[in-house]
Amino acid sequence: MARDVATALLADPSQARLGGVVAEVTVLFADLRGFTPFSEQAPPERVVAMLNEHFGRAVPVLLAHGGSVTQFVGDAVMALFNAPTRQPDHALRAARAALGMQRAVEAVAVQEPGWPLFRVGVNTGPAVVGNIGSAELRSFTAIGDTVNLAARLEELAEDGQVVIGPATYHAIADVAVAHPLEEIEIRGKRQRVAPWVLDGLHPGDEPQRGA
């Protein structure tokens, strides 16, 4: 489990109980665009090697910026910011982490040009944060519309791209280098959503290469 989650549980074991609370979070989703056709053509051991190489570079970046990695699902990873540890600058941390993990896998693209690359979606807003599951098995995660939109934004992203929601953009607008995409319709939402492509951050806020 994420280091912050483990620390919180050691400090207060009661936090392991099922349930959650509503909290403002920034959610980061990333997966490998083109993973399915790659896995169909490559032998299983090469698929596993590719996944471990990508996650081995990306996860340390997420942790370095204070992200709590809550799950891996196939070729996808989800991380939370501002949970369980409170981080007033959680949107900026997530933006730095998203850009940083893309920088971290640049060398992989050079060495293995046929491997898929990450696409990332980031969104900020309220979510129910806590332990979901059963008495026998549970996981710390976030549930809600904010999480669903982060996953949808990830699907919009191209290879090596970071797409952020409007709330995330407004939280970091003073340092963001970004351009808008066309508004999109999201199932279950009455209003269209205006996402942004995060191209970078102003000097001084940009993550270093490989970090």
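Arginine 152 is partly exposed at 29% relative accessibility; the class runs between buried (under 20% relative accessible area) and exposed (over 50%), with a 1.4 Å probe and protein chains only. Arginine 152 forms a salt bridge with glutamate 155, the closest N and O atoms being 3.8 Å apart. A salt bridge here is a side-chain nitrogen of Lys or Arg within 4 Å of a carboxyl oxygen of Asp or Glu. Glutamate 155 is partly exposed too, at 46%.

This is a predicted model: local features need pLDDT of at least 70, side-chain atom pairs count only at pLDDT 80 or more, and totals for chains, interfaces and linings use all residues. Residues are numbered from 1 along each chain as its sequence is written, and side-chain values use heavy atoms, with hydrogens and water left out.

**Helix H6**

Both partners lie in helix H6, three residues apart, about one turn of the helix. Helices (H or I, at least four residues) and strands (E, at least two) are DSSP runs, numbered from the N terminus. H6 covers residues 145-156. Its twelve residues should span 16 Å at 1.5 Å a residue, and the end C-alpha atoms are 17 Å apart, which agrees. The expected span is 1.5 Å times one less than the number of residues. Buried in H6 are Thr146, Val147, Leu149, Ala150, Leu153 and Glu154. They cover an arc of only 160 degrees around the axis, so they sit on the same side of H6. The arc is that of the directions from the helix axis to the C-beta atoms.

**Salt bridges**

The count comes to ten salt bridges.

Arginine 33 is in strand S1 (residues 19-33), and glutamate 158 is in the loop between H6 and strand S6 (162-164), 125 residues apart. Glutamate 185 is exposed at 60%, whereas arginine 192 is partly exposed at 46%. Asp31, Arg119 and Glu154 are linked in a network of salt bridges.

**Aromatic pairs**

Rings of Phe, Tyr and Trp (its six-membered ring) pair if their centres lie within 6.5 Å; planes under 30 degrees apart count as stacked, over 60 as edge-to-face and the rest as tilted. The count comes to three aromatic pairs. Tyrosine 169 and tryptophan 196 have ring centres 3.7 Å apart and planes at 5 degrees, so the pair is stacked. Phe55, Phe72 and Phe118 are linked by ring pairs into a cluster. Phenylalanine 118 is in strand S4 and is buried, at 0% relative accessibility.
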